[in-house]
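Me: I have a model open and would like to go through some of its side-chain contacts. Please begin with the aromatic residues.

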Amino acid sequence: MLLASQLGYTWGVVPLALLVFAGLLAAGRIRRAVYFGLAVGGSALLNLVAKAVFERDRPSLWLSIAPEHSYSFPSGHAMGAMSLCAAIVLMLWFTRWRWPALLLGLAFTLWVGGSRVYLGVHYPSDILAGWTAALAWVSAVYLLVRPNHRAPLPPAPPGT
């Protein structure tokens, strides 16, 4: 569970998000890069603001092997994992990779969220709130930026 927790942020989500963002820019997919940056980066900022607003203390049910010292609500690991996976799934939705991405993303997100409760650093409601906020944020950004949008075809010449 320590591995899941580390992959949910420092060793996994952050480097992978930076890699995807850089890859989109390098491939000239500017609209998708903007979407991805706003979706994942905005979710991280939303998490910081929510923690400052709610100021919920972490659980103290038992001594954790991975103690945290920031506020608990909502879970930043849960938000980060959900934001990354949801943004990738939405970008791949109109390809054959949507189902593998969805299944892998779902498994990863559940693993990371479960690890945070298992380690005793979050209440289940922290995880659920993180997932919900991230999914709402990523979906709203998707609807605004429309990264899979293609310009309409020009009208056919008259008489064709």
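**Aromatic pairs and a helix contact**

Reply: Tryptophan 93 is partly exposed, with a relative accessible area of 29% (buried means under 20%, exposed over 50%, partly exposed in between, with a 1.4 Å probe and protein chains only). This is a predicted model, in which local features need pLDDT of at least 70 and side-chain atom pairs count only at pLDDT 80 or more, while totals for chains, interfaces and linings use all residues. Residues are numbered from 1 along each chain as its sequence is written, and side-chain values use heavy atoms, without hydrogens and water.

Me: How many aromatic pairs are there?

Reply: The count is three aromatic pairs (rings of Phe, Tyr and Trp, the last by its six-membered ring, with centres within 6.5 Å; planes under 30 degrees apart are stacked, over 60 edge-to-face and the rest tilted). One of them joins tyrosine 35 and tyrosine 142 edge-to-face, at 5.6 Å centre to centre and 80° between the planes.

Me: Where in the chain are tyrosine 35 and tyrosine 142?

Reply: Tyrosine 35 is in helix H3 and tyrosine 142 in helix H6 (residues 124–145), 107 residues apart. Helices are DSSP runs (H or I, at least four residues), numbered from the N terminus.

Me: Is tyrosine 35 buried or exposed?

Reply: Tyrosine 35 is buried, at 0% relative accessible area. Tyrosine 142 also counts as buried, at 16%.

Me: And which residues of H4 does H3 meet?

Reply: Those in H4 include Met79, Leu84 and Ile88, and Tyr35 is among the H3 residues in this contact (heavy atoms within 4.5 Å).

How values were computed:
Helices (H or I, at least four residues) and strands (E, at least two) are DSSP runs, numbered from the N terminus.
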